[in-house]
Structure formats: structure tokens, C-alpha cells
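Have a go at each task before reading its solution.

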Amino acid sequence: MHEMSIAAAIVEQVERAAREHGVDTVAAVRVQIGELAGVVPAALDFCFELACAETLLAGAVLQSETVPARARCTPCGAEWDVGMPPELGCPDCAGSRTELLTGRELQILAVEWGGRPVDARADQGG
Amino acid sequence: MCRTVDLRQAVLARNDDDARRLRAELAARGTAVVNLLSSPGSGKTALLEAELVLARDRAVPVAALTADLATDNDALRLARSGAPVKQVLTDGLCHLETAMLRGHLDGWLAPGTRLLFVENVGNLVCPASYDLGESLRVVLASVTEGEDKPLKYPTAFGLANLVLVTKADLAAPAGFDEAAFRSNVARVNPGVEVLLTSARTGQGVGTLLERALAVLDGEPVHRPVMATAPRATGHEHPHPAADRT
């Protein structure tokens, strides 16, 4: 279950961002998880709570947004939802020159800080 | 004041960066990493042992790292080939990350090593998400595992540069339907090469070594459809031409 490692990576990145923004509590973290990212949102949710303990993120909520996987055929231009298990060959022309447009996302979209605003911002990250 | 900030950071950015750096550093030394993924018991170690023996016979300098949660059984088996072999113990972790490899390479990986085989933890789920700086990702499945394995573990098979079927000598008794397996692989990874091997009879042994050496020599590697999608939006160009995302 690598969701624990994923959760730890999220906590590490958010903590760094919080320090850069001079913030000491985090209310929520919004993440985007593609259908084919290989991550189970429910397992990640469980691990996130554990990974947040005794960090700036203690008590923070994880808001997961699932991104459906869509593909496009390069020669014929067809676009389709790949489904699960995914169909990555073109359903129209049976071509194999296709590309995945979405579905591999695994990213932190935004963070909502908690507590009161801190006046002395140490914002070096831009 | 705005209490929400846009981060748009790939969760695995640090591992991806580490992997890109390692790939470039090793390429500069003339070494390519081959990442081997499969479920436990599929015969990764047996095939790798046969490939290492062949490399020794052909005087190709290779090395191998083998990862498990516990025991150095696999390292002892692989070391019989005479190749430099190191056991990586993950202390319970289900996958390898690039940072874990790096600590093992410093001072161990001999200059002139052409291929470094990394036998990942036996697991078709977690290791799929972690780039280890490899130039070739090989996913193996044995004939006894069922033809629908690629559909059950689409991310692992979908990101493979090469798929190897192992224990081909047992195909008939196991009732392995090769056509169905190939069709399932093609569904999640159109165009990827699928080869049959048997460490016991020697069928297909040497192919892995040859494919890996070809990649090291600059031959284009199959780029899976699944690897064409961006991991994060906003920072990365969605279709990098040179590097796998």
C-alpha cells in the first residue's frame, strides 16, 4: 500500500509551502487523482490522516478530485473515455497510435490555510 | 486575505526529479537501469539469474540490485552468476523509490557497468508509480498467473516498455492462452512487445539482455500510451518528447 508514501509526500510538500508562506496550520488540501494514477482515494484518505499527525497539517481535510481517463487517436481523431480496465487502442479505427489526454494526474491542486493570518510573511517562494 | 493558495505540484515530483537526475548521471557513465516489475513468484529472479550468467559469458559488465521486504535469498541466488549483486531490504515498504537506490549505488556500482538490473519488490501495484531512473521498464507475468493479469493491473502493464511472459515451459499444462494474454496487454499498452521466456529451458533467455543493450546504445524504446499523459497540469509540458513522465 504505497498510499502511505504518497500521503507522506503530500504532507512534506504542504509543510514546505506553509513555511514559505509563514503559516502554521492547514485546514484543507485539495488533490487531483487520475483514474490511472494507481492510487486508491479511500486508502489515501486513511493514510493522510495518519501522515498529518503531529505536523502542521494535523486535523487537515483531504479533498480528492478524481479525473476520468480520456484518450485520443492520433490518426483518426476519435476521443473516448478509456474505462476500467482501460481500452487504450482506438475503438474506431483499431489504431495503436493513441495518446492519453488525462487520467494520470497525481497532484496537489491547492491548500487552504487554517488559523489566523500571519502578518510577517516569509514568502520566498513567489 | 486569500487563505487558499494554488500549489499545482506533482505529488511524486521529488521522486520524479531524483529519477531524472539519476538517469542522466548514469547515462553519462554509460550505464542504463532496467527496472523489473512483477507479482511475487512470477520468476523474476530465475530469469534474471539466467540473464546475468549470459552477460558473464558474453563479457558484458552488468550488476543487479534486488529488493525484498526481508531476507537476502535472492541476492545469494543472483550472486551465483558472478555479477556484482546487492540486496536492498525495504523494511516492509512495498516498493522502491529512487532515493533508496541511490544510497546503494554510491561506492558500489563499478565504473564501466553497462546495465544495472533492479529487481523491484514483487508487487504489481505500488512499484508502478515510481520511476527509478530506468531506461527500460520490464513487466513480467508467468503463464500460471492467468491471461487477465494485464487487465487486473493496468497501470503496471500499461507503463511497460517490454512485457515478458515467464515459465513458458509450463504454458501447456497451465492451459495458458497466449492470444488472450497478448490481446489483454495490447488493450492497456498498444504496440508493446510481448516475448515468451523460460529460465528452465532457456527459451527467450538473452532477449532481455539484448533489448537492454540496444536501449543503452540509443535504440528507441517503446513509449506506452499511458506514459503520454501528464502527471500534473500547469508545470509540465503535457507531451515531453525525450523523457518518460
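Helix axes are lines fitted to C-alpha atoms, over the stretch in contact, and angles between N-to-C directions run from 0 to 180 degrees. Keep in mind that this is a predicted model.

**Exercise 1.** Find where the axes of α1 and α4 of chain B come within 9 Å, and work out which residues make the contact.

Solution. 
- Start with the two helices: α1(B) covers residues 13-28 and α4(B) covers residues 98-105.
- Next, look at the angle: their axes cross at roughly 40°.
- Now list the residues: α1(B) brings Asn15(B), Asp18(B), Ala19(B) and Leu22(B), while α4(B) brings Thr98(B), Ala99(B) and Arg102(B).
- Finally, sort them by class, and you get 3 nonpolar, 2 polar and 2 charged residues.

**Exercise 2.** Describe the contact between chain A and chain B.

Solution. 
- Count each side: chain A gives 34 residues and chain B gives 36.
- On the chain A side, α1 (3-20), β5 (98-102) and β6 (106-113) each supply at least two residues.
- Of these, β6(A) gives the most, with 8 residues.
- By class, this side of chain A has 19 nonpolar, 10 polar and 5 charged residues.
- Then follow β6(A) across to chain B: 5 bridges join it to β1(B), residues 4-10, and the two strands run antiparallel.
- One place to look is Ala110(A), which stands opposite Asp6(B).

**Exercise 3.** Which residues of chain A have pLDDT under 50?

Solution. 
- Then find the stretch with values under 50, residues 120-126 of chain A.
- Where pLDDT is low, predicted coordinates should not be read in detail.

Conventions. Residues numbered from 1 in each chain as written. Chains lettered and ligands numbered in written order. Predicted model: local features only at pLDDT ≥ 70, side-chain atom pairs only at ≥ 80, totals over all residues. pLDDT = per-residue confidence, 0-100. Contact = placed C-beta atoms within 7 Å. Helix = DSSP H or I, 4+ residues; strand = E, 2+ residues; numbered from the N terminus. Nonpolar A, V, L, I, M, F, W, Y, C, P; charged D, E, K, R; others polar. Pairing = 2+ DSSP bridges.
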